[in-house]
Amino acid sequence: MPQQQKTPFAKKQYKRVIDFSGGLNNKFSPFLIKDNELTDIQNMNFDEKGTLKTRNGYIRHYSSPFAAGPVRGLYNYRKSDGTSRLIMAADDKLFYDTPHFYKLYDTQADFDAGTKMNVDTASSHGDVKLANPSTPTFTRDSVAYKTDGTQVASGTPRFETGKFGKAIMVEEGTTNIFPHSKSFEECSGTHIGDPSNSNGVTTDVGGGWKLATHYNSATIKISEDGGLFGSKRLSFIHDGSSGWKGAISSAWSIVAGKTYTVTVWARANQASTKSFSNGYAFYNYSGQKYSFTWPDGYPTDSQNVGKWVRGICTFTATADESGRVYLYGLTDGEAGLIIDYDGLQVEQKPYATSFIDGTRSAETLTIPTAGVLNPQEYTVEMWIRPSRARSAYLNYERVIEFYGTSGFSGVWLNNPSNSDGIAFVKNNGPKVSANANWNANDWIFVAISQKSDGMHLWVGVAGSQLIHVSNTNTTPFNAEVTKILLGSNIYGNQTLNGLIDDLRISSIARTDEEISDAYNSGASLPWDEYTTYKLEFDGNLNFSNTRAGSWISDVIDISSVSDKTSGMIEQVINVPANTSLSIYTSTSADKVTWSDWALVDSTGHILSPANNYLKIKVKFTTTSFPTTPTLSLLRVLYDNTPVAQTLATGLSATARYQFATQNDILFIVNGENVNKKWDGTTFADQAGSPPIAKYIRVHKNRMFLAGNPTNPSRLYFSELGDPENWPVLYFIDIGKGDGDKITGFGVLLDNLVIFKTNSIWVLQGDSPSNFVLRKVVDGYGSVSQTSITNVKETLTAFTKDGVFFFDGVRSALASEKIEKTIKNLNKSYLSLASAVFFDNKLYIAVPEGDSMKNNLVLVFDTLRTAWTLYRGIPVSEWVVWRKYNQDILLFSSSETGQVYEFGVGYSDDGNPIEAYFVTKHFDFGVIEQKKLVRSLIAATSSQVSADTQFSISFFKDQEPETPSITINSSANGKLSVTRIIPSVVGVSMLRTLAIKGKHVSADKGGYFYSVTIEFTPKGVLI
């Protein structure tokens, strides 16, 4: 009997296995494989950490089978219009699936069919992005002056302090008819008064002006260090001496019956309590005399110190006369007081406009209507500041004019003789008016809107209550309206003569609440998705960098969709930093009443109520224009309830079918019947007398056929771009005379790869003139067309020796680790092998044992380069399908006329999934040494919201499997740690140990994280 030698100082040791990502390895001894490899596995796979988990199951695609026999062909027929149909072959028939509803927006014409609001589809065809509206056109053919005296060049707008930031001035033209120096630029000199001269002392300073004093010593001079409107000004410098002080112009003439307005600007350096002399705009000693008034107060008033204020005098001449202008200092002005004058202006009109030293042309501000004005429904909002009170306005002075040839449309101001006040007029007829009053330089909010119930006008004066008036006229603007004028008519007449600020034009009728909020907010109006034009006038005519816009689709009829809750939206977008793009939907039963816009969820799912009609709105925003979000493609998808319908009958009931699409037409081959075609409507024979073929492929816009019964090694090809044109010499014999036949095609690295049973060939080139055929692999090829599939940058195929990967030059056996499984396949039926690459896994359905149909799925995880086995899945062929905006994996049945959706739930069409694994046989480092196992610890959890169970059993020293023990796994992925007593399962003393874990809860899934073995080495047999 062998003697056992005791090992001194034996300590407890641990063997922990937490990574099973090595997968199945049944080629080598269960003692020699890696710790993370498995000797057996079924219906389990691995996550990114190597945790084992039960696979998902499958569900029926159709409620009942559509054929008695198995499916012998499966294809996803996709057309360029976006429709997608499943094509199935079973019995002697072809079937097609009810198509998904699909609406594609991809071209400029597609997007132009919708409603665009401040978005552009033309500059980049097929893209929708925020538009850059045409800038307004400002005209003035002369220089002009701002109120601070700054001269601006011809054609340059004048921006003054506005309601929010800056505002733009729009003013009529005028001529300053004062015949002498208007701003003292032509004057020069100084007058110092003589207190002893009672008759007055005068000094001629040129430019038609004289300076004079009477019994005082004040100084009057032409200051040359800057004026309000040039480099000079008239200055009265007081020294405290009392007496008359004046500047007198040379004579100028007035005409009886004519109305004149004379203005002058004055400034004081300090306040004075002394009486201010108004001065005369026109003075004839024995005739007419007209004095200035100072509506904003005297320059010597404390609130005006240091400011230029304007004196004004409007009069109508009663006779033809000549007179002079008199400007005064203070009779008793305090020492140190300086009063300056500048900018004398005489206009032949009943009101004043801004200063000009000659002639100022009229100003116009024009906005184009294209893409800006929606004649049927719109809102225009703006702030204006008229320079005169209502009482000083004539009738019909423009706020805004929609220019056309059929009469006036827009907003005008009227004086008190006309009760309209501020009126919104359309087509020279219908109008609404607000009898509002205002003072000079009051800020007035004006908004107009055309709604479905009529015309609306809102007016708010200087913070007073907002006035709202309306009528029921719904007639749109005349069609010839081509431009919008702000503050004047097209000729620069009937002018606002004031400031305009914060203009917003919208393509919708804003609500009463929105208008009220805009008036009362105290803030500039925002640019939102309904805004077509927004000008802030903050020192320029540019648009804000903060923009918004929207695109709304045409009405989409989804009444034929059976599942109106399945709507999804896919999009191709580009959203740079500081931009956003949001997608909304609205639905209707009758195209009259629509639901509120609802944002699609993060997966693209439509959340609007299920209904017969759909509209889509895409909202674009940016805070840094011209950076803009871009929409390049938008798809609307609805899933109909799958229904298989018969496409054709009387075909082969035994052949396998292959499919290809070219020019939107589906082509069908089976090696027995004449090749067929279907365009979605008409089923017919393929024209052009192509050879009968088993295999079909479209490559480089040319159709290739092979598998002809008479010439099984011949490759046929069509004319370029025409799958129904087959020249008689368009063929290549592949390995002619080698006794082998073509078994399928693949495409790799822009080359056509041709497989035979015992060789692989590559065809390079794109026409008969440059085709080059090379034999790249000899000794093996492919046994099945449906096993050939692309896996990343390689092709894979099932050969007589197993699964090979081919990179275009070299090939490598990938199934070496599952050699035992490969040897147990039914070699006589490997032509049924079917493969697909999906979600980083290669799935290959094959017949196992004596089966004459596929009953085993080999699964190769390309991320972990590991194999696992799935059983209970009767796959004839695979196809990737689109559902709910996601790619899913379908397979057709190898048993009956049914298609299944794989990867759903934890049962196989209601049947339980038997999932288990067996680890390697661990020897704990020394196989000949006995070990005392003190405890076994398993870590598991459930994949679902209910507890699940694993049964754990063991293989001790390669003896039969021990009885199992059941452990519980907590719901929702919560970790369960279970200690197993070795003596209970009969594994206390051993040399090697393998663990088997079997998931035993039906309709549920489980995770197996790790197993830890606590043991003590006990000795070695010698």
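View 1. One cavity of 30 Å³ or more is counted, a cavity being a set of points on a 1 Å grid over the protein atoms alone where a 1.4 Å probe fits but cannot get out. The model is predicted, so that local features need pLDDT of at least 70 and side-chain atom pairs count only at pLDDT 80 or more, while totals for chains, interfaces and linings use all residues. Residues are numbered from 1 along each chain as its sequence is written, and side-chain values use heavy atoms, with hydrogens and water left out. The largest cavity has a volume of about 60 Å³, the space filled by probe spheres set on grid points joined across faces, edges and corners.

**View 2. The largest pocket.** This pocket, an open set with protein on both sides within 12 Å along at least five of seven lines, has a volume of about 1000 Å³. Of its 36 lining residues, Trp-265, Asp-296, Arg-310, Ser-387 and Asn-441 are the closest to its centre. Strand β31 (309–316) contributes the most to the lining, with four residues, strands being DSSP runs (E, at least two residues) numbered from the N terminus.

**View 3. Strand β37 and its partners.** Six of the seven residues of β37 (397–403) are buried, that is, under 20% relative accessible area with a 1.4 Å probe and protein chains only. Four bridges join β37 antiparallel to β38 (410–413), where pairing requires at least two DSSP bridges, and Ile-400 stands opposite Val-411. In β44, Lys-483 is the bridge partner of Tyr-403.

Conventions:
Buried means under 20% relative accessible area, exposed over 50%, partly exposed in between (1.4 Å probe, protein chains only). On a 1 Å grid over the protein atoms alone, a cavity is a set of points where a 1.4 Å probe fits but cannot get out, and a pocket is an open set with protein on both sides within 12 Å along at least five of seven lines; lining residues have an atom within 4 Å of a point.
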